[in-house]
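Have a look at the structure first.

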Amino acid sequence: MAVGMKDIKNRIKSVESTMQITKAMELVASSKLRKAKEKTEKSKPFFDTMYRTMKQIANTTNDFSSSYVRSGEIKTSGYIIIGGDKGLAGGYNANLFRRSEMQLKGKKAKLVVVGKKAIEYFEKKGYDVAYKFPDFAETIDFVQANQLASVVLELFNKGEIDDLTLIYTEFVSALTQNVQVKKLLPLYIEKEDYEYKAVVYDPSPTAVFDSIIPIYLEGVLYAAVLEAFASEQGARRTAMEAANDNAKEMIEQLNLLYNRARQANITQELSEIVSGAEALK
């Protein structure tokens, strides 16, 4: 019985060590989540203004004609897929991969993939990964977002892809993250009855619109990467919190088992003492 008690004690120490790691990961994820949310909120007003400007151009000019809004035959689709760089985040990556495969099924597609786990997955599956951005999300700034926007615009402008779709995970809360699929190009701008103030665009409305597209796309991708990163951290925090709760429950059960074994050991020793005393009479 003494050997059994030692094994239980070692098991308790092992679970306690694991719990220290998962608790630390939970705290780190919480900190990263907060920073990502702050960056997203600060950038949103500027890019909302950019989109409103594009809507104004499209709705106030009759001679507006941009290649970024014209749709045609789709031979090769382009996809930007934003996944995680690390695991231990519950179903975060698995949900994204499942939704992405549903979108890609039966299509000829070129992928631009963000995140180590996503890159590994889609390369292993044999998809055409045109560009890879590992270790990108946590430190993203507008320079990096511009790089991402530039490569997808280059694919579109060269005719290597005929449309562009973004797949990423939207952050709702630490408990809820939703995979989103958004069509980016050709851009659909709804016609409005609202009367905008007349503006003269130089050299032309189309030229101004086309010059805004890269900045707008940069902003959309910047926000999406931050949303995805926040979602990953939220999922990881939830997973680590659940792991901590499971570890606590396991330790309680092991302590109960240890105390039972200890009590059984004491009872056995007392029985041996009583038996020995009876034998001496």
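Does Ile-273 count as buried or exposed? Ile-273 counts as exposed, because its relative accessibility is 58% (buried means under 20% relative accessible area, exposed over 50%, partly exposed in between, with a 1.4 Å probe and protein chains only). The residue sits in helix α5, residues 205-280 (helices are DSSP runs of H or I with at least four residues, strands are runs of E with at least two, and both are numbered from the N terminus).

## Ground rules

This is a predicted model, where local features need pLDDT of at least 70, side-chain atom pairs count only at pLDDT 80 or more, and totals for chains, interfaces and linings use all residues. Residues are numbered from 1 along each chain as its sequence is written, and side-chain values use heavy atoms, leaving out hydrogens and water.

## The sheet

Now for the strands: 5 of them make an open, mixed sheet in the order β3-β2-β1-β4-β5 (two strands pair if DSSP finds at least two bridges between them). At the edges are β3 (128-133) and β5 (177-185), each pairing on one side only. Strand β4 (residues 163-171) runs antiparallel to β5, with 8 bridges joining them; Leu-164 has Leu-185 in β5 as its bridge partner.

## Salt bridges

A salt bridge here is a side-chain nitrogen of Lys or Arg within 4 Å of a carboxyl oxygen of Asp or Glu, and the count comes to 9. One of them pairs Lys-110 with Asp-128, with the closest N and O atoms 3.1 Å apart. That pair links strand β2 to strand β3 across 18 residues.

Asp-163 and Lys-183 also meet in a salt bridge, at 3.9 Å from N to O. Asp-163 is in strand β4 and Lys-183 in strand β5, so the pair ties together parts 20 residues apart in sequence. Asp-163 is buried at 7% relative accessible area, while Lys-183 is partly exposed at 49%.

Back in helix α5, Arg-236 and Glu-232 are 4 residues apart, or about one helical turn, and their side chains form a salt bridge at 2.9 Å, N to O. Arg-236 counts as buried at 6% relative accessibility, and Glu-232 is buried at 3%.
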